[in-house]
Structure formats: C-alpha cells, structure tokens
Amino acid sequence: MLICTGYGAASPTEALAPLTFNRRDVGQNDIEIEIEYCGVCHSDIHFARDEWHFTQYPAVPGHEIVGRVKSVGPGVTKYKVGERVGVGCMVNSCRTCPSCQEGLEQYCAEGLTGQTYGGTDKVINEPSKGGYSDKIVVDENFVLRIPENLDPAAAAPLLCAGITLYSPLRHWGAGPGKKVGIIGLGGLGHMGVKLAHAMGAETALFTTSASKVADAKRLGASLVILSKDEAQMAEHAESFDLIIDTVSASHDLSPFFGLLKRDATMVQVGAPEHPLPISVFPLLMRRRSFAGSMIGGIKETQEMLDFCGKHNITADVEMINIQQINEAYERMLKSDVKYRFCIDMKSLKAA
Ligand code: NAP
Ligand code: ZN
Ligand code: ZN
C-alpha cells in the first residue's frame, strides 16, 4: 500500500482536516502522479457534505487534478516519468459495456464505481479518494495529457468544469449561427462562456449577480441577462438554440424554457441536492427538450484539452493553500469566487 496524506471530511457536518490514508501500489498499467494542483468543484462540497446521499467517510474530494508522473508500472506505454498529466472525475470503468466501448465511460452500465472519489478502488476494495492529496495512482487509460502551452494550475479545472461544458456544447451543436445561453457564472459557467465563444456561437450568460456582468463580457459573452429581471428575460423569448444550466442550488427553471426556440434544448449539468419543480407547458407548446449531461468520456476529455491548448483557454483561478479549503467552500456557497479555486498542493507539505 502507498501511504498518502491529504485533506478530507470525517462526517457530513465536520470541516475538512488533514488525514493519512492508503492507495493501491502501482500496478502493471498504473501511473503514480505527484499532485501539483487540484481545482475545487462545487461537487466536492455536495460530496463532502453527503448531499447526494452516497458518501463514505472519510471523504477526500478533488477531481480536477494536475501533476507530474512520479513512477509507472511495467506495462505503461503512454506516459513517462516527469511528464505533466491530468486526472478528472473518472479513474476506471467496466470497459466492456456499450457506453464504454463507444468512449462514453461516464455513462458506464456499472454506474459510478470508477469515480475518482465516491467510487471504489477494486484492487484494495476501499472507497476511492480524490485529489486533495499528495499523490494518486491511476490506470494510464484514464490519464490525460495537459498541453504544454497551458498554465498547469489554470488548466486543472478543465478536467471537470471544462469537459462538463464542452461535451454538451459539442453534442448539441454549439457553433457559428447558434445562440447559446449559459446559466450561472461559477466554475462550470465561466468555462461554458469561454468554450461556447471559442466554438463560434453567439454566447449569452444568465446570472443572478449584477457584479459579474463586466467579467462575463470579458470572458466571451456578447449578451449578459440578469435572470431575475423579467423585462430583460422577455426580450429574448423564443430565441435560443441551446441553454445549459450550471446552477448548484434549487431554482426555477420554467422562465428559461420560454427562451428556447421551437425544438431547442435546455441541458441540466448543475446537480442540486433537492429535486427541481418544472412547469411542463413551455416544453409541450414548442416541442422543446429538457436534457441532462454528465462530464465527458476520456477521448472527448483529451479532445477538449487539445482544443483548449489550441485556443489558449484555461480557467480563471484563485489560488489557495489546502489549509484554506473550508473558507473556500463557504465563499463558493455565496457565489464569491472568480471563478475557480485551485489548491496549490505544495501547501500540503508545508503542513
Ligand atoms: P459554482 O462555482 O458554485 O457556481 C454555481 C453558480 O450558480 C454560481 O456562481 C451562481 O452564478 C449560480 N447560483 C448559485 N446559487 C444560485 C441560486 N440559488 N439561484 C440561482 N443561481 C445560483 O459551482 P460549479 O462548480 O460551477 O458547479 C455547479 C453545479 O454543477 C454543482 O451542482 C456541481 O455539483 C455540478 N456539476 C455537475 C457536473 C456534471 O457532470 N453534470 C460536473 C461538475 C459539476 P451567478 O452568480 O452567475 O448567478
Ligand atoms: Zn466537478
Ligand atoms: Zn462500462
């Protein structure tokens, strides 16, 4: 076993604190990664606090991981010691079901067993543990290459926030001639604005925060709509080809359905703790769709990273030390982050 150090929660109500835990030894096809940076996703909060009701404790969050290859198993062919690599939300899947065979491992028939945290390491039969940690062991087939021109700390959030927006933008055809709306300017939302703009779509941001209007324009939105302002919303009735909702808390979706064209789609990626009430009539009236989407497969994640390398896209990050993680969670809950916290893992050694 590899003894690791990290930060984790001992129960839903306790703050994250230092801990040590085991990972499996480096196997035939495994890569041991020394973690340099880890982004802080809102899912980390949902998970640490058991808001999705499957957390096993101690819970070590973190699935926006960037680091360097420290050692490799004898069967590894894709990566060498010293290379800069990334790990996102998945470290395994069944590899044989129809979704895995299509490169859509995020929809594996076995469910979420291969998640970076919240799954199970089948070798040691223990709950998997995430990237708020000094090192991680991952099968090379679930390791990503980080383009060299990207700042590694600012690239870390691409591994979850980036792919979670890239995948539905591609699937639902965002591009020139399409009007795309992103709801919420947080970690996911700000990546959505950057990516939709880079794909050539007319990009709008819906926000509840008047203070974010100027930033949204800087990030690539040509339109910023205050979603609580009914008059502003009404100006855009029946005009959108695609809207992606990244909001982490319960809120009313119905006002957004009316902004879609006939046959257009609203995609939910935000995963609030409680079910959302939906008024179905705006869907019926224009044959509109309401869909969901979860991260992206490994192949598409690499495609997204390469797209970001080509277009020089990274997250806007606020760097923190691991000791500030609990304060960072409180600030995220107040939508007070521009626009992703990223942990500098050197701080773990200092502790
Ligand atoms: P975040 O950084 O906290 O951003 C959420 C944004 O939602 C906020 O910045 C805010 O934007 C808006 N918001 C928050 N509370 C709101 C409320 N009560 N009403 C309306 N708007 C509100 O979170 P994140 O890391 O981007 O994650 C967002 C959600 O996506 C989380 O639920 C997370 O678990 C989920 N997620 C899903 C996937 C997937 O695969 N589907 C992947 C990663 C994360 P404004 O200030 O602009 O209004
Ligand atoms: Zn995430
Ligand atoms: Zn599968």
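Residues are numbered from 1 along each chain as its sequence is written, while chains are lettered from A and ligands numbered from 1 in written order. Because the model is predicted, local features need pLDDT of at least 70 and side-chain atom pairs count only at pLDDT 80 or more, whereas totals for chains, interfaces and linings use all residues; side-chain values use heavy atoms, with hydrogens and water left out.

**Cysteines and zinc**

How many disulfides does the structure hold? The count is 0, where a disulfide means a pair of cysteine sulfur atoms within 2.5 Å. Take Cys89: its closest cysteine sulfur, in Cys160, is 3.6 Å away, which is too far for a bond.

Two of them are listed here with their values.

| Residue | Relative accessibility |
|---|---|
| Cys41 | 3%, buried |
| Cys89 | 6%, buried |

Other cysteines hold a metal: Cys94, Cys97, Cys100 and Cys108 coordinate the zinc ion (ligand 3) through their SG atoms at 2.3 to 2.4 Å. Donors are N, O and S atoms within 2.8 Å of the metal (3.2 Å for Na, K and Ca), and sites may look incomplete because water is not among the atoms. The 4 donor atoms make angles of 102 to 120°, so the site is tetrahedral (for four donors, all angles between 85 and 135 degrees). Along the sequence, the donor residues follow the spacing C-x2-C-x2-C-x7-C. Cys100 and Cys108 are both buried.

**Sheet and helix**

Next comes an open sheet of 6 strands, in the order 12-11-10-13-14-15, with parallel pairing. Strand 12 (223–226) and strand 15 (289–292) are at the edges, each with a single partner strand, so one side of each lacks a neighbour in the sheet. Strands are DSSP runs of E with at least two residues, helices runs of H or I with at least four, numbered from the N terminus; two strands pair if DSSP finds at least two bridges between them. Strand 10 (residues 179–183) and strand 11 (residues 202–207) run parallel and share 5 bridges, and Val180 sits opposite Thr203 in strand 11.

Is helix 4 largely enclosed or left open? With 9 of its 11 residues buried, helix 4 is largely enclosed by the rest of the structure. Among the buried ones are Ala161, Tyr166 and Leu169. Just after helix 4, Gly173 has a positive phi of about 75°.

Terms used
Buried means under 20% relative accessible area, exposed over 50%, partly exposed in between (1.4 Å probe, protein chains only). Four donors count as tetrahedral if all angles lie between 85 and 135 degrees; four count as square planar and six as octahedral if opposite donors are over 155 degrees apart and all others between 65 and 115; anything else is irregular.
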